[in-house]
Amino acid sequence: MYGLGVAKGMLVVLKRLLRRPVTRQYPEEPAPLAPRFRGYDFAWVEERCTGCATCAKACPHGCIEIVTHPSEDGRYSIDVFDVDTGLCMVCGLCVEACPYDALYMGRGFELAQYQRGDLVAHKEDIANRALLSAYYRTPFQEQVGTRENIQGFYQPIKGLEKAPAAKPQG
Amino acid sequence: MLPTQPYMVNMGPQHPSTHGVLRLRLVLDGETVLDAEPVLGYLHSSKEKLQEEHTYLQTIPITDRMDYLSAMNNNLGCALAIEKLAGIQVPERATYIRVIMSELQRIASHCFAQGTLLQDMGAWGTPLMYFLYEREQILDIFEMVCGARLTYNYIRPGGVSQDLPPEFFPLVRKFLAEFPAQLDDYERYLKDNEILRARTVGIGVFPRELAINASATGPTLRASGVPWDIRKADPYCCYDRLEFEVPVGQRGDCYDRFMMRLYEMRESLSIIHQALELLPPGEWKAPVPLVIRPQPGDAYAHIESPRGELGYYLVSDGGASPWRFHVRAPCFINLTALRDLLVGHKVADVVVIVGSIDIVMGEVDR
């Protein structure tokens, strides 16, 4: 009989009508992010970074720029550590490449800026943000991956206790 | 009857039903298509050439951007080709994780293909939203596993980038428990729908011989009655240890191609069930250096992506980046027979036929 298929389909639609909606009103009600979420707000630990530029070589698009000069204590001091988040495609290869665990992906995804130049995250912007980092690559870091434990994990690093409070993330 | 003369109409590139930027040059007589010519290249981003500048590890995130609706399968094909080229052994656990991810991605991709095909037919919104509801759950699982929802960069040469988190198993089991009932609902909703049948049955018939001649693969070929599936014909990962059926159509029209995807989702569910049962403990990644330098030579690896045979042909000259990186994109090759499918149909059917062969322009133009 013609129309029987449509009628059967409409029963399914009626069933769906009673299902609880899953829509989230995004700006007011942000979605929960997974712990491994790879976002833009890069976190960088200056004390751990040796300026080896492994992350810059690992980046497929070359969005990390590092300039160093040798300092008195035998290490390299880092003059420039710029991450061009406008080029970045959040693949996470830089984070995985870092042999000293100095760079992390962040949780940010609201990237809009008025100037293209504002998309470049400078050294000061990304330093001491490890508390906000989201992307843990070693099993050990996965084990200690809760927020409280990370604070304990990073306590020995000097300067980090002055880390800014977690700014509201979308 | 008024005397008419043929005229040419440009469909696309900015047409909502062409799944991106496909341009079709149609020669029409009234509403009947006399000739059709797909014009490609509007989304060409030179990804194959770009890969020759990258190290082997860096090629993986670029493959995400080709077929962005099934990025896991793209990662998998590229990783298999690199492993073949460099002779890397993959741990057992990684092969099972790859199969689970690849099949979840197949379900997500087919969900989107079904939804957009129905939207092209005029079922505006409702079925698409139903299918996206299911797809979102899979994307949530992917976000938990690898941190991204669309461009995963998860499957790497030598294994996968991270192990499955412990929260993964309850969530995926919940999905596996709930999805078959939803799929039954969708089948009831759509299978016997008179409007859908009127729009698809007998439309765009892809004859068996022509499909083989045009090297069509995937659901497009199987709907024409050829049981050709790379997972069975040349098993990769651990597909030879899993039991599943290859659904085959009879007529090769749009309706069969539509139903193929519904059936394939069921088979994927059964594969995920088996792979979760058999998932062994152990390492998930072989030790692979950051910069792989394979011996000079070439390798071809192919997988069954949701759209057909996805092949990667890599040539190495011993350096850190591939000397040649070629992708056999299933969408591109399925498009080659488009003229034979379109001629003789009405303009409204063009939309359905293009939707039913499920193209992703990012992969067609690469």
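## Interface of chains A and B

Across the interface of chain A and chain B, the rule finds 17 residue pairs in polar contact, both residues at pLDDT 80 or more; a polar contact is a pair of N or O atoms within 3.5 Å, where within protein one must be able to donate a hydrogen and the other to accept it, and residues adjacent in sequence count only if both atoms are side-chain atoms. Helices H1 (4-17), H2 (54-58), H3 (93-97) and H5 (139-143) of chain A each supply at least two residues of the side that touches chain B, helices being DSSP runs (H or I) of at least four residues, numbered from the N terminus. H1(A) gives the largest share of that side, 9 residues.

This is a predicted model, in which local features need pLDDT of at least 70, side-chain atom pairs count only at pLDDT 80 or more, and totals for chains, interfaces and linings use all residues. Residues are numbered from 1 along each chain as its sequence is written, chains are lettered from A in the order in which they are written, and side-chain values use heavy atoms, without hydrogens and water.

## Salt bridges

The rule finds 4 salt bridges across the interface of chain A and chain B, each a side-chain nitrogen of Lys or Arg within 4 Å of a carboxyl oxygen of Asp or Glu. Arg156(B) and Glu96(A) meet in a salt bridge at 2.5 Å, N to O.

## Helix H14 of chain B

Helix H14(B), residues 347-356, is largely enclosed by the rest of the structure, because 8 of its 10 residues are buried (under 20% relative accessible area, 1.4 Å probe, protein chains only). Among them are Asp349(B), Val350(B) and Ser356(B). Just after H14(B), Asp358(B) takes a positive phi of about 55 degrees.

Key. Buried means under 20% relative accessible area, exposed over 50%, partly exposed in between (1.4 Å probe, protein chains only).
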